[in-house]
Amino acid sequence: MKNKRLMTVVALIMIYLVGAFVYEKINDASATQEKEKINKTVSVGVLQYVSHPALDEIYKGIKEGLKESGLEEGKNLKINFQNGQDDQSKLATMSQQLVQADPDVLIGIATPAAQSLANVTDSIPLVLGAVTDPVSAGLVSSLKEPGGNITGVSDQPPVEAQIKLATDILPTAKKVGILYASSEDNSKSQVSQAEAAIKKEGLSSVKYAVPSTNEIAQTVQVMSQQVDFIYIPLDNTIANAMQTVVKEANKAKIPVIPSVDSMVEQGGLATIGINQFDLGVQSGKMAASLALGEEKPESTPVYVFNKGDVIINEKQAELLGITIPDLIKKEAKDVSKAATTETTKEDEK
């Protein structure tokens with residue numbers, strides 16, 4: 001009886017030891033596979049539509065997102081970065097070059113860049129970095145189930161909340177001018193949203209579409225004589241000429257309500273916007289997951305931010321003789337103060 005018990009105990013110990021050994025080997029193999037994934041050099045092709053602060057911040061965020069996912073330039077990451085500088089022919093050529101390099105994943109910063117890449121490949125995973133309406137742009141079948149080789153991050157802004165913020169700051173306003181580029185698909189759906197939101201607030205609106213940056217100055221001059229404030233949706237063409245918009249609007253003391261925090265820094269009055277760096281970080285993380293084979297683009301939902309930050313420029317408000325309500329100031333980030341702080345730090349150096 002004792003021998004049977006002893007043999008049972010010995011058998012159980014052997015089973016435990018064998019099980020522990022097998023479990024350890026499985027874990028070691030899994031860890032080795034993960035290590036090999038990170039140790040291999042991952043190639044990422046990035047196409048940016050144009051240079052301006054918002055898109056530049058997104059690119060910085062992308063690199064941070066890749067780094068947080070274990071991919072870092074000089075170690076296990078190679079980034080091939082191209083900037084089309086608002087030139088469709090350059091975007092097409094650069095897209096072909098990026099695809100021919102056969103990267104593990106592509107990233108298109110802004111709608112025109114993403115569309116250009118999508119025209120060249122339907123097999124390499126493509127991450128959308130700041131595409132407002134990927135469905136209307138013809139890039140994905142739906143936000144939940146993209147269906148092809150494309151997924152990514154939408155920068156769809158809270159248009160209705162932005163208009164409400166504007167009316168809270170400018171309670172006497174009656175007429176709003178909507179400034180956008182007729183060439184940008186991402187702007188059109190926002191214009192419709194803005195018109196509905198403006199009507200809901202009891203105001204009237206007028207659309208001003210420009211074909212290129214060359215007409216912006218003259219268009220803003222005309223608008224400034226006809227509206228109480230200017231609203232700018234997410235629009236790369238207008239964002240690239242924000243300084244021109246502000247310069248002309250300031251002459252007539254007309255406030256500008258943009259959709260991006262960096263445009264408030266450039267002289268916009270206020271907005272509720274998505275942090276562009278955070279948007280880039282999310283894009284970078286998604287790109288890493290696709291490149292490492294952890295996710296598939298066709299089944300990875302497009303990421304949509306569900307909230308934004310209140311951004312104000314008190315320096316611009318003072319210039320225009322506008323008083324921002326204390327209730328708004330309490331919850332807002334004042335970019336003019338942040339800019340002053342950065343300038344002071346640089347002067348101290």
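Predicted model: local features only at pLDDT ≥ 70, side-chain atom pairs only at ≥ 80, totals over all residues.

Modeller: Residues are numbered from 1 along each chain as its sequence is written, and side-chain values use heavy atoms, with hydrogens and water left out.

Colleague: How many salt bridges does a search of the whole structure find?

Modeller: Side chains of opposite charge can pair when their charged atoms come close. A salt bridge here is a side-chain nitrogen of Lys or Arg within 4 Å of a carboxyl oxygen of Asp or Glu. The search of the whole structure gives a count of ten.

Colleague: How many residues apart in sequence are the parts that aspartate 104 and lysine 40 tie together?

Modeller: The two side chains form a salt bridge, at 3.9 Å from N to O. Helices (H or I, at least four residues) and strands (E, at least two) are DSSP runs, numbered from the N terminus. Aspartate 104 is in the loop between α3 (88-100) and β3 (105-109), and lysine 40 is in the loop between α1 (2-39) and β1 (42-48), so the parts tied together are apart in sequence by 64 residues.

Colleague: In which helix is the glutamate 68 that pairs with lysine 285?

Modeller: Lysine 285 and glutamate 68 form a salt bridge, with the closest N and O atoms 3.2 Å apart. This pair links distant parts of the chain, 217 residues apart. Lysine 285 belongs to helix α11 (residues 276-291), and glutamate 68 to helix α2 (residues 53-68).

Colleague: Is glutamate 248 buried or exposed?

Modeller: Glutamate 248 meets lysine 251 in a salt bridge (3.3 Å, N to O), and both lie in helix α9 (residues 242-251), three residues apart, about one turn of the helix. Buried means under 20% relative accessible area, exposed over 50%, and partly exposed in between (1.4 Å probe, protein chains only). Lysine 251, at 59%, is exposed. Glutamate 248 has a relative accessible area of 9%, so this residue is buried.
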